[in-house]
Amino acid sequence: MRYFIDVILPLALKKTFTYEVSEAEFNYIQTGMRVAVPFGKNKIYTSLVLNMHNNPPLHYVAKQIETILDIAPIINLYQIEHWKWVSEYYMCSFGEVFKGALPSGLLLESETIISKKNDLSFPISDLKDDEYLIYEALQLQSSISVGEIIKLLNKKNVFPVINGMLSKGALVIQEEIKETYKPKKIKYVKIQDEFLQKERLEELLLLVSKAKKQHNLILNYFQLKAIEKGDVKVKYLLEFSNSSTSVLKSLIDKGIFEEFYLNQDRIIFEKDDAANFNLSISQERALTEIKEANKKFDITLLHGVTSSGKTEIYIKLIEEYLVRKEQVLFLLPEIALTTQLVQRLTAYFGNQISVFHSKYNVNERIEVWNNVLENSEKAKIVIGVRSALFLPFSNLGLVIIDEEHEQTFKQQDPAPRYHARDTAIVLAKLHQAKVLLGSATPSLESYYNVKINKYGLVELHERYGNVALPEIKIIDLKDKYFRKRMQGHFSDELLELITEKLSLGEQVILFQNRRGYSPFVECLTCGHVPHCPNCDVSLTYYKFKNQLRCHYCSYSIANPSHCHHCQSVDITTKGFGTEQIEMELKLLFPTKSIGRMDQDTTRGKYGFEKIIDAFKNKEIDILIGTQMLAKGLHFDNVTLVGILNADNMLNQPNFRAYERAFQMMTQVAGRAGRKEKKGIVLIQTYNPYHNTIQQVVNNDYKAMYDEQIYERQNFKYPPFYRLIKLTLKHRDYEKLKESSLWLYNVLVQQLHIPILGPEEPVISKIRNEYIRSIIIKIPTTIHLGKTKKTIEKIIQSFDAISQYRSVKITVNVDHY
């Protein structure tokens, strides 16, 4: 009988590949293990075992696998089912989900290794100069990689040289699988067992009595062992005894001490015994209501005003699931939010918490993966951003999604283009777990699900400790500019309040959702604006680096001293970003500490932590930032928040613009006055009577919801219609135009539902590729799965046309 396994590759296009295995391998392999398989020419890929059977493939001869990589499955059946759903719903391949879900360290690398042939049957004089250098290198070492040959020859393209030597029979190519994960090993030391007997110990001390340093080290070892009550680290022993490694080495050489290594987690959290707290009456009521809602609904929405103490409710709820020995997943929209939350939760739960996001290195993420897989005590609670929902949970009891309205929960590129909130709800259903959505400004979709009795609802109307909501004032910029009461980008009222708050030792947050110094520079003579040569977008000016930079492809040029079009030197900046606000404030308040929090200042691993800790410790007086400081952060001493230009958020070409503007302004306003001192929020705008701004001032979420849900139903948008966005890209504009029209016409003929496009987006060219998009609106009354299959068939027909094959198509389900 023959034995076969079906595997999925990271590059697989919605299909599995069958490989033949021996009977022994078949009996050993389990679903969820990784195996290395040959695929293509001289390439080996890590693949995932999905199925095992005795049926050979019909259309090709099955190859043998290279090796089995795991001793036990590293992916469980829950994950495989969940990944299949992600693949089907978001219209991407299973291989793309597999590649996106697994930490890169678990996707082993295939590296071409070159070694010399043992029976050399050709004259060395036939070798060219470059070939001889490789030959010489192989005399000194048994094998060499392609990367090492590139460095050796100082050439980018070394394949012609390698192929030349292969044809002469001078080289052999083999493939080597290399795992990138290395556990952290800590060096420990222990005294040999024979010296633990009293007689032998006295004899030992007498033996080293003349070697004072060795004698001292042994005595210090026993002291430290009594303190540590366990194994002694070499590092601690040398520090404790004020000794050197040479003294320790002498004792090891004499057979008195023995060295050994133990694996240790790279991240360890410590519990703070003083971290206990009591819930307020309104919090207790909300917690009771959540438990009651969980009996009727799988999903509950906690709608609480900013600073109402949602985190404390989460903690008390998590405690109950830990008692039941169940795992908890706590999802956050951004890495910036994990900093404060991890500090608060680790103080309470100690080392039962694991954190998972991209600022952690590969090894740290693999350790978290392994801890979750083993259902370890170190990973009972997992805090992370959207990628954390792909971890190998086996006993998930509760999923908490904080700030569930945030658009950063949606993955845009690369595939899978999933929405973490919706995907986490499906994951919870597979585990029969409960979901708690938390937000001060819920998404319209979630609140609509409450209205149709699909989700439970719990509301918190008051802030923790009965702290008053901030007072919100509107500044009419038209009037201020007319009356000449503006200084830079600050109204006189905002500057007076900043001065007053700083004099009282209080802190200020200023919000401007645009980074850089200014969005563009313009020639006042001819109106020319420098654009990116690769993208259809103006270059953003950065004064600190004195350069113009593209935010899409990172193209940059030095700030021009004259216009490139008419040579005029009369050039000015237009608009303003966080960098310009920071510079203006330094001139206005030279004695105060000004901080900035945006994508440019938080690039490092601990970039967020440094800024947040500095602001919390009152080292920064005024913090300017983009949307990353708009939600979830808690600062006791902030009493003033300024929104410098609310109109930027309102005037966006997006059907969610008003909803997002309301959410953003309400969340930013919520950073003010979170303790005893009442907060003030100033909103600078040219449209003071705009409905959305008035709704923010009155903190009237329901009025915003009613207005927007009516618009959505009227114009056929979610939650009444599902959206699928098809994006087409090509370097040739005419070919893109022709192909997008063909696709649109076929979609209209086949689907008979509303379709918008093909249209050019606001930014119609990125990285030298022109872009066109088609939006398909699917009514909730039509079967979604069948419609998606029809769309996939149409795309396959599109790919079958030879002249359109070079046009890239990306499918984005629920792209909003």
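Are tyrosine 447 and tyrosine 705 buried or exposed? Both tyrosine 447 and tyrosine 705 are buried, where buried means under 20% relative accessible area and exposed over 50%, with partly exposed in between (1.4 Å probe, protein chains only).

This is a predicted model, in which local features need pLDDT of at least 70 and side-chain atom pairs count only at pLDDT 80 or more, whereas totals for chains, interfaces and linings use all residues. Residues are numbered from 1 along each chain as its sequence is written, and side-chain values use heavy atoms, with hydrogens and water left out.

A search of the whole structure finds 30 aromatic pairs; rings of Phe, Tyr and Trp (its six-membered ring) pair if their centres lie within 6.5 Å, and planes under 30 degrees apart count as stacked, over 60 as edge-to-face and the rest as tilted. Two of the edge-to-face pairs are tabulated here.

| Pair | Centre to centre | Angle between planes |
|---|---|---|
| Tryptophan 83 and phenylalanine 390 | 6.5 Å | 75 degrees |
| Tyrosine 447 and tyrosine 705 | 4.9 Å | 65 degrees |

Tyrosine 447 lies in helix 16 (residues 444-451) and tyrosine 705 in helix 24 (residues 701-714), so this pair ties together parts that are 258 residues apart in sequence; helices (H or I, at least four residues) and strands (E, at least two) are DSSP runs, numbered from the N terminus.

Elsewhere, six strands form an open sheet in the order 20-32-31-23-30-29, with parallel pairing; two strands pair if DSSP finds at least two bridges between them. Strand 20 (471-476) and strand 29 (594-597) stand at the edges with a single partner strand each, so one side of each is left without a neighbour in the sheet.
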